[in-house]
Amino acid sequence: AAGIISVAAPSAAAAVAWAVACQERGVAVGCFRPPSTPDNRSRLRLTINVGVERADFERALDIIAECAP
């Protein structure tokens, strides 16, 4: 099973930079920005899989937080 979390980014450029920074550190996230987002906001999409080890999950969360704009 998996869950999806949408996290708002302050701008389209910030969303792209955030996603790239995460990817460079080994964490893949989705990046959505206008015109793909109906509310005209930019977002990262985080998909969480229950099969991921807790230590890996916590590492990913740390990286996402550290890379946040």
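This is a predicted model: local features need pLDDT of at least 70, side-chain atom pairs count only at pLDDT 80 or more; totals for chains, interfaces and linings use all residues.
Buried here means under 20% relative accessible area, exposed means over 50%, and partly exposed is in between (1.4 Å probe, protein chains only).

Residues are numbered from 1 along each chain as its sequence is written, and side-chain values use heavy atoms, with hydrogens and water left out.

As for confidence, pLDDT is the predictor's own score for each residue, from 0 to 100. The protein chain has a mean pLDDT of 93, with 99% of its residues at 70 or more. Confidence is highest in α1, at a mean of 97, and lowest in β1, at 90.

Now to helix α1. Helices (H or I, at least four residues) and strands (E, at least two) are DSSP runs, numbered from the N terminus. Ala14, Ala15, Trp18, Ala19 and Cys22 of α1 are buried. They sit on the same side of α1, because they cover an arc of only 130° around the axis, taken from the directions from the helix axis to the C-beta atoms. Those buried residues pack against β1 (2–9), β2 (30–32), β3 (42–49) and α2 (54–67), contact being heavy atoms within 4.5 Å. Ala13 and Glu24, on the other side of α1, are exposed. Just past the helix, Gly26 has a positive phi of about 90°.

The strands come next. Two strands pair if DSSP finds at least two bridges between them. β1 and β3 run antiparallel and are joined by 8 bridges, with Ser6 partnering Arg45 in β3. β2 pairs with β3 over 3 bridges, also in the antiparallel sense, and there Gly30 stands opposite Arg45.

A search of the whole structure turns up 3 salt bridges, each a side-chain nitrogen of Lys or Arg within 4 Å of a carboxyl oxygen of Asp or Glu.

| Salt bridge | N to O distance |
|---|---|
| Glu66 and Arg25 | 2.8 Å |
| Arg43 and Asp39 | 2.5 Å |
| Glu58 and Arg54 | 2.8 Å |

In the bridge between Glu66 and Arg25, the partners come from distant parts of the chain, 41 residues apart: Glu66 is in helix α2, Arg25 in the loop between α1 and β2. Glu66 is exposed at 52% relative accessibility, while Arg25 is partly exposed at 39%. Glu58 and Arg54 both belong to helix α2, 4 residues apart, or about one turn of the helix. Arg54 counts as exposed at 63% and Glu58 as partly exposed at 36%.
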